[in-house]
Amino acid sequence: MPLIEDFTLVGKSVLRREDSYLLRGEAQFLDDLPEPSNLLHIAFVTSQHARADIVRIDASAALAVPGVVGVLTGKDFVADIKTFAPVIELNGYREVRRPVVAIDRVNFVGEYVAVILAETPYAAQDALELVEVEYAPLPSVAGIIEAMQPGAPVLYEHLGDNLTFKAAFETKDFDAHFASGDVTLEDEFRTGRVTGVMIEPRGCMAWPDPVATNFTLWTPTQIPHIVRTAIADHLDMPESVLRVVTPHVGGGFGTKAHVYPDELIVVALARRFRRAVKWVQDRREDLLTNAHAREHILRLKVAVGNDGVIRAAHLDVKTNAGAYPNHPYSPTLEATAAVRMMPGPYKIRNYRYDVCSVVTNTTPTGAYRGTGQPSAFLAIEGMMDRIGRRLGIDPAEVRRRNVVRPEDFPYVNVVGVRYDTGSYLGSLERGLELIGYEEFRKRQPKDRLVDGKYRGIGICNYTEVSGTGAPGWRVRGFAKMPGFDSSRIVVEPDGKITVYISQADAGQGHYTTFAQIAADRLGVACEDVTVIEGDTSKTPYGTGTFASRGSVVGGGTVIRCSEKLGAKIRHIAGYMLNREANRLVLKDGRVQDRDDPSIGVSMREVAETAYSMNNLGMPQGEEHGLEATDYYDPPMVTMANGTHVVQVAVDAEDGRVEIERYAVVHDCGTVINPKIVAGQVHGATVQGIGEALMEELVYDETGQLLNASLLDYLLPTSMDAPELELAHIETPSIDSVGGIKGAAEGGLTGAVPALANAVCDALAGLGVNIAQVPLRPSFILEQIRKARGGS
């Protein structure tokens, strides 16, 4: 039986409670926190070489700088910190471990070589330039193809080559099914290397408890419990003596969902020196050392019937892992994501994939909004357009003929992923309607040239993996990824509610949305609910916030925990009112008879009874206190979906792309707060525009990063953000608690392929094929000139 008769807050655009302190500048990010006395500041000497042996480190001049306490090298950490690596149990994965500070060899530009400790950050920075490091440069390799060539420098002798992961999959009788196609199409798609570029770079601060052996680490992470476990594992430290706290976080986007060497280092130094230790990153370090992402090569080959229906598909994916595996995901994160997500919303029943990840002398790659999904959909959505052009079928119609239809649900795709519900066809049709697709096609000239610009339209119909549970992580090899999240909800003695959640907010609106859910389920006002997260000493253990899991898993555990707590509330209230508990509902801060609201007690009165603050006593066998705890492990995945349709104009003279109209249809199941969901879609879409049109980290052949500043790494601004025509479809999940699906990544996942397809369509009259991003003006202009015969 439901705890209340109707929900009044879920589905409403409740004003974000976070905005008041953020807009007033009252939020406390890492560098705003009060600094403890006797604080040590650290700075990292980083490698200037992509691959080299360390011959000698002379820190004498740095040690002479006033305020410098010490300079430590990799050898100084050997006894304190184990070599660093994630725990991956997956066939085809080969382990590479790294020291937190390089000992004998560096493998990418930016790798830590030495650590300076000083009384002030200024002294630490002054000393950086004075540490002399002598290197013996070695041959290096930066690109995927170069790393796989015979005779390429081998980074790790125990591997024998540069492959760190390799896997394959094939359905039964694949070759026969592929041969049954009337037409075969093949193309290679490439994505550029990008990174999160959060408004707040990373940093961390650790200090010892002055009267105990405990330590507190402040770090703006998305995964505080996983960080604590990793530090305890690598420092041989009991988890019980380490508290990890997440202050306000200025953006995460997956980049802050890793465990980094510096987090281990500051705790180890705090333990060694019995002093607080702090490090704050600058923007150059952010671009040079934080996890990068993408840089994928995808070769997709499909066999198609003359009706445009895909009979079989073969995907070959190569990813650049960088110099070391990221923690806790490893290079398998994006590699397995790309090949497992490629079927998307389509009924592809015959499938083969080959996937590999190579190590190179570049910054390690890892999680970033969308993981492998933007790359996968760049390939399959690009292929949908190519099928249409080859067969003379409209690209939208090709998608209709291949899509999983309403009557097919629940549907299990070719790699075993269950789609419980979805609006794959409905989203497509709504997106086409929003943007006026048919009218645009009718007036579009064959050469696409209108008023001196080539005009085109692009579609991306996508699925969005969200809320992955433990089974979903295990099948991808992540042995120490819990998968579940948890909550503890307490009715305080005054009747107010405190919700403790294992996640960590990074700007998504957790403090509002989780309060809405708990308030609805417990029948109280939203302002009576306080949400606490991001503190391992207060919250139960859990996975954290990434991969579109916040609302699905966090919201799910809050619902389940509220139901457990509500049962106790009704039991106590029933005893107080001499009523059966199943006759009572929670509403308007009261527990009342469902047929006669005048019979009831307030939440405060129930709490006073639970905490023995009156003379009523407790029901027989019921414990004092008023709280509940829940651990929620969701299904393997919960699949959201959506459609992006975008119209562009490509300047024929300079290659610039102008977005003229942009429509998004998004289905994240039950919408908790429409305004917050819209913000997620808008923000992710703009990030996708950046990835599609401008963002790329560029290495030269020697492994030098050429654009480690925001002068050269271009980001979209408000001037690049179009007016989105946004529509929501709600198809609640039947597998996840509350019917919730994820909302954080679809905007980016849909934007990259939609824009690439739109530009490709705009240039179709010239015969130009677009199969890579980013689409910088110089690249597009080059394609236009080649198509015109070099004019």
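A: Arginine 405 has a relative accessibility of 29%, so it counts as partly exposed. The model is a predicted one. Glutamate 407, at 59% relative accessibility, counts as exposed. The side chains of arginine 405 and glutamate 407 meet in a salt bridge, with an N to O distance of 3.9 Å; the cut-off for such a pair is 4 Å.

Another salt bridge joins aspartate 630 to arginine 560, and here the closest N and O atoms are 3.0 Å apart. Aspartate 630 belongs to strand β28 (residues 627-632) and arginine 560 to helix α16 (residues 550-577), so this pair ties together parts that lie 70 residues apart in sequence. Aspartate 630 is buried, because its relative accessible area is 1% and the limit for buried is under 20%. Arginine 560, with a relative accessible area of 30%, is partly exposed.

By the same rule, the count of salt bridges comes to 56. Among them is the one between arginine 352 and glutamate 170, whose side chains meet at 2.9 Å, N to O. Arginine 352 sits in strand β17 (residues 351-359) and glutamate 170 in strand β7 (residues 163-170), so the pair ties together parts 182 residues apart in sequence. Arginine 352 counts as buried at 17% relative accessibility, whereas glutamate 170 counts as partly exposed at 44%. Salt bridges also link Glu186, Glu188, Arg190 and Arg299 in a network.

Now the sheet. Five strands form an open sheet in the order β20-β21-β29-β30-β31, and their pairing is mixed. The edges are β20 (449-450) and β31 (724-728); each has a single partner strand, so one side of each is left without a neighbour in the sheet. Within it, alanine 663 has glutamate 725 of β31 as its bridge partner. Helix α12 (residues 424-435) packs on this sheet and touches β21 (453-466), β29 (638-651), β30 and β31. The direction of α12 makes about 145° with that of β30.

Valine 398 lies in helix α11 (residues 395-402) and has a relative accessible area of 0%, so it is buried. Leaving out residues up to four places away in sequence, valine 398 touches Gly308, Met384, Ile387, Gly388 and Ile393. Methionine 384 is 14 residues from valine 398 in sequence, and their C-alpha atoms are 6.4 Å apart.

How values were computed:
Residues numbered from 1 in each chain as written. Predicted model: local features only at pLDDT ≥ 70, side-chain atom pairs only at ≥ 80, totals over all residues. Heavy atoms only, no water. Pairing = 2+ DSSP bridges. Helix = DSSP H or I, 4+ residues; strand = E, 2+ residues; numbered from the N terminus. Contact = heavy atoms within 4.5 Å. Axes fitted to C-alpha atoms, helices over the stretch in contact; angles between N-to-C directions. Buried < 20%, exposed > 50% of the residue type's maximum accessible area, 1.4 Å probe, protein only.
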